[in-house]
Amino acid sequence: MKKIKSIIQTLVLISIPLLAQTPKFDLIQNDLTLTRTAQPHQYMDKIGTKAALMGSENGSFEMWIWPWKVLRSFDLQFFIGTTTQPVLSKDIVREISVTPEATTITYVYESFTVKEIIFIPHNKPAAVILLDVYTTTPLTIVPGFIPVMQPQWPAGIGGQFSYWDDGVKAYVISEAKWRGIFLCGSPLAEQMAAPPAHMFADNPIQFKFTVQPNNTSENFYPIVIAGSPVNTKYDSVKALYKDLTSNIEKYYRETCDYYKNLRESTVQVVTPDKKFNQAFEFGKAALRNLMVENPTLGKGLVAGYGQSGGGGRPGFAWYFGGDAFINSLAMASYGDYQTVKDALMFTQKWQRQENFPIRKKSKDEKPTEVGKMAHELSQSNGLIDWWNDYHYGYNHADTTPWYLVAIGNYFRKTGDVNFIKNSWKSIVQAYNWCLSKDSNGDGLMDLKGAGLGVLEFGALVRINNDMYTQGLWTQGIKEVNLMAKYVGDKEMEKTTAALLPKAISSLEKIFWMEDLGYYSFGASDDVKQVRDKNIFPTSIMIFDLLDKARCERSVKNFNESDIITDWGVRNLSNKSSLYEPTNYNYGTVWGFNSLFANSAQYKYHFNLSAYSLLRNTYQHAFDYGLGVFPEVFSGDINTKLGEAYHNQGFCTSGYIFPMMNGLLGLDVNALENKITFAPKLPMQWEWINVNNIKLGNSVLYLSNKLKNGEWKLIVEKIGESEIKFEFMPALFVGTKIISVTVDGKPIDFKVIDHEQAVQLKSEFTITTSHEVIVKYQPSVEIYMLEDVTPIGAINEGLKIISQSFADNKLFLDVEGKPGREYKLGVINENLINKITGAREEHGKLLIQIPGTDNNFVKHRILIERK
C-alpha cells in the first residue's frame with residue numbers, strides 16, 4: 001500500500017510541470033518580417049489595445065497595462081549548470097526579427113540559443129513571452145524586473161507592494177487600495193526573491209526555471225504579465241492569468257488574425273519596391289496600434305509611444321485630439337473607417353460644454369469656450385481631476401478646426417449620413433467656437449484668445465495670424481457646408497457658403513508674398529508677414545483652397561536645400577535667423593512635416609522631388625525601432641534627437657498619407673459614388689497593384705502594367721453596384737497621349753499639360769471587370785536611383801527643384817554641391833539629341849556642378865530631344 005501511495009505521489013509531482021508546459025507550435029510565416037542584427041540600445045515595442053511593452057533590442061523593457069506602469073527593467077539572466085556567474089541577455093543578444101504581431105529576439109552563447117518571442121494579445125491586458133530554448137547543458141533562466149505600480153503622468157500614488165503567490169507561480173503587484181492588480185510569472189517558475197510585503201525592494205525581484213538539454217525540442221517556456229487596471233477581485237485576475245497561460249497558442253493566433261484582418265480589410269498596395277510595400281503595411285499596423293481602450297475613459301487614439309524610464313510618461317501614449325484628427329486622414333485614405341469613427345466619437349465625449357468637463361468657477365461665470373475640442377487627455381483621468389487641476393486640456397486652437405476637417409473627410413469617404421446627423425450638434429458647436437474667434441471680421445479665426453497653433457513656444461507663437469490654423473478653419477468651413485447639405489440645415493449651408501470665399505480671400509491677402517514667391521507662415525495683427533521660409537503653409541496646399549499658380553511657385557521654393565534634406569523636410573529654413581537644427585519647432589526634421597510638404601509636392605506634380613522626399617521619409621521606419629517612426633530629427637545631421645520619442649503616430653502618417661493621396665492619387669468619394677485613381681508613379685516602376693478599395697458594398701482591384709508606351713489597367717469589381725471611375729495617371733513631361741480604350745472601345749479623354757507633368761483625365765462607369773489601355777508616345781524620362789542616406793550623414797544629396805518641357809527640350813532645375821558627381825536614371829535615352837549641364841552614360845545622367853564652394857548651388861540641365 002505504501003508503495004502504491006509513493007508511486008501516486010511521484011506521478012503527481014511529475015504531472016505538475018508537464019501540465020505547466022506550453023507545447024511548441026509553429027509561428028506563422030509573414031512576408032512582412034523585418035530582421036537585422038540587434039542594436040542593444042535601439043527601441044522596440046509591442047502594442048495592444050489594453051497593454052504595451054516598450055523596451056530595447058537587448059530584451060529589457062517596461063510594461064504598461066493602461067493606465068498603469070506595472071514594471072520596468074525586465075531582463076533575462078542565464079546560469080549554466082551549477083555556476084553562480086550569470087550570462088546577461090544584453091551581452092549575448094544577436095538578432096531581432098519583427099512582424100506586426102510578434103517580435104523575436106535571439107540570444108546566442110556557446111552552449112545555448114534562446115529565442116524570446118514577445119506578443120501582446122490584442123484585446124487583453126497582458127503580454128506573453130515565449131522562450132524557445134536549445135541548450136547542450138542544464139540551463140537555469142532567471143527573469144527579473146523592478147515592480148513599479150505607477151499610474152500615467154501626472155498622477156502619483158504611494159503604498160505599492162509585491163509578493164510571491166506560489167499558487168499561481170507569479171509575483172503579485174498592487175497598491176494599498178487595490179486599484180489595480182497585476183501578475184508576472186510563469187507556470188514553471190520558482191521563487192527566488194522575498195520582497196518586503198509592505199513596500200518595493202530596491203533591487204529587481206526574480207524567479208527561475210531550469211531547462212534540461214533533452215526537453216528543449218518539444219516545449220516553449222512561457223512568461224506572462226497580466227492583470228486588472230481597475231479594482232476587482234483577486235480571483236478574477238488569477239482566472240485571467242490562468243486563461244492566458246493555458247491558451248497561449250490561441251491568443252497568439254488571434255493576434256496574428258487581428259493584423260491579418262487589418263491588412264486584408266483595408267487597401268493593399270504591392271509595388272516593385274519591397275521596402276515601400278513593407279513601410280506601407282507596417283505603417284498601417286503602427287497607426288492601428290494607437291487605438292487604446294482605457295477601462296474608465298473608453299476607446300480612442302493616443303499620439304505615440306516611448307520608454308518612460310524612471311518616470312510616468314510613456315512617449316505620448318495618452319489621448320491627443322489634434323493627433324487623432326491628423327492621423328485619421330491617413331487611416332481613412334486606406335479605408336480603416338471604423339477606427340476613424342471610433343476616434344471621432346471619443347473626442348466628441350470631451351468637447352467643452354457650459355459646465356463640463358471644466359467646471360465653472362462660479363454660477364455667474366459666462367461660458368465662452370463651448371464647442372472647443374480637447375487637445376490632450378491623460379489616461380490617468382479618474383485617478384486625478386485632469387480637466388480642472390491641470391491646464392493642458394484645451395490649450396490648442398488648431399484642434400477644433402482639425403475636428404471639422406477630419407469629420408468632413410470621414411463623411412465624404414464613407415457617406416455615413418447617420419453619424420453626421422447624430423454629430424451635428426457637436427459639429428455646429430465646434431464651428432461656432434471657431435467663428436467666435438474672428439475678432440476683425442475677415443472670416444478667419446485668430447490665435448489670440450483661442451490658444452496655440454502649430455507651434456508651442458518661441459518667437460512665432462505670439463502671432464495673431466497662423467496660416468496653418470486659419471487655413472484649417474477655412475477648410476473646416478468648406479466641410480461644414482458640405483455636411484449641412486446632407487443634414488438639411490439650410491441656414492448653416494447658406495452661412496458657410498457666404499463665409500468660405502471671404503475666408504479664402506483673406507488667406508490670399510494676408511499670407512501671399514509676391515516678392516518671395518511663397519506663402520508666409522503667419523502675420524501680426526497689422527498684417528506684418530513672417531518672411532522666413534517655413535514649411536507649414538504646405539498644410540493648406542493639400543486642400544483645394546489656394547491659387548494654383550501661387551502654390552506651384554511656393555512648392556518650387558520649398559524644394560530647395562534650405563528646407564529639404566536627405567532625410568526629410570525641415571520645419572524652418574536654415575537661412576532663418578531663428579534656425580536651430582536641434583530646436584523642436586525651429587529647424588528640426590519631422591515626419592509630420594512630410595505629410596503636408598510631400599502631399600503638396602505630389603498635388604502640384606513635382607513628382608521627382610516628391611518621390612525622393614517620400615523615400616527618404618519612410619526610411620526612418622527601418623533605421624530605428626523596426627516598423628515604427630521616431631518623432632523628430634536634427635536639421636543638420638541625419639539622426640534622431642535625444643528628446644525624440646520613438647514611435648510617433650503623425651510621423652507615420654507623414655509618409656502613409658502622401659503614399660495614398662499623392663503617389664497613388666487614390667480617393668474614395670461615397671457621396672458621389674466615385675473612385676479617383678490618379679497615380680504619379682516613379683518612371684522606373686513597370687507595374688503596381690492596388691487592391692481592396694472599398695466603396696459601399698463594392699470592392700475594387702486595380703492591376704497596372706506599363707511598357708513600351710502602353711499603360712494597361714485591369715479593373716476588377718466585386719459587388720453589384722456600379723461605380724463612377726476617374727483614371728488620371730500622370731506621365732513625364734514631354735509625353736504625348738494618343739488614345740484611351742475601355743474593353744477595346746475608344747473613350748473621350750482630356751490631356752492636362754501641367755508644368756511638371758502630363759496628366760490624362762478619363763472617366764467611365766465600372767460595371768464588372770474592365771481592361772483600360774492607354775497608348776502614349778514616351779519622352780525622355782528621369783527617375784531617382786536607389787539610395788539610402790546613412791545615419792549621421794549631412795545634407796549633400798541632389799535636390800530636384802522642378803522639371804518642365806518646351807520646344808522639344810526638357811529642363812531640369814536642381815541644386816547640388818560642387819565637387820560631387822550626382823546620378824539620375826534615364827529612360828528612353830535613345831531619344832536624346834543633346835545635353836547641357838550633364839552627360840549621359842549607360843542609362844545614367846551624370847551631373848557635376850561647377851564651383852569650389854561647399855554650399856548648395858542652383859544648376860540647370862537641358863536635354864534636347866531628337
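Helices (H or I, at least four residues) and strands (E, at least two) are taken here as DSSP runs, numbered from the N terminus. On that basis, the protein chain has 19 helices and 53 strands. The model is a predicted one, so local features need pLDDT of at least 70 and side-chain atom pairs count only at pLDDT 80 or more, while totals for chains, interfaces and linings use all residues. Residues are numbered from 1 along each chain as its sequence is written, and side-chain values use heavy atoms, with hydrogens and water left out.

Now for the overall build. A compact globule of 866 residues would have a radius of gyration near 29 Å, and the protein chain agrees, at 29 Å; the radius is taken over C-alpha atoms, and the globule rule is 2.2 Å times the number of residues to the power 0.38. Along the principal axes, the C-alpha atoms fill a box of roughly 105 × 75 × 65 Å. Of the 866 residues, 62% are buried (under 20% relative accessible area, with exposed meaning over 50% and partly exposed in between; 1.4 Å probe, protein chains only). Contacts (heavy atoms within 4.5 Å) were also sorted by sequence separation: among those between residues at least 6 apart, 66% join residues at least 24 apart.

As for the surface, the accessible area of the protein chain is about 33000 Å², and carbon and sulfur atoms account for 50% of that (Shrake-Rupley method, 1.4 Å probe; for residues, only the protein chains shown count as cover).

Helix H13, residues 490–511, runs for 22 residues and spans 32 Å from its first C-alpha to its last, close to the 32 Å expected at 1.5 Å a residue (1.5 Å times one less than the number of residues). Its buried residues include Met492, Leu499, Leu500, Ala503, Ile510 and Phe511, and also the acidic Glu493 and Glu508.

Most residues other than glycine have a negative phi, and most peptide bonds are trans. Trp153 and Pro154 are joined by a cis peptide bond with omega about 0 degrees, and Pro154 sits in the loop between strands S12 (139–151) and S13 (160–165). Another cis bond runs from Phe356 to Pro357, with omega near -10 degrees; Pro357 is in the loop between helix H7 (337–348) and strand S24 (376–377).

Positive phi turns up at Asn692, at about 65 degrees, within strand S36 (residues 687–695). Asn692 is buried, with a relative accessible area of 7%. His842 has a positive phi near 55 degrees and lies in the loop between strands S51 (839–841) and S52 (844–848); His842 is exposed, at 77% relative accessible area.
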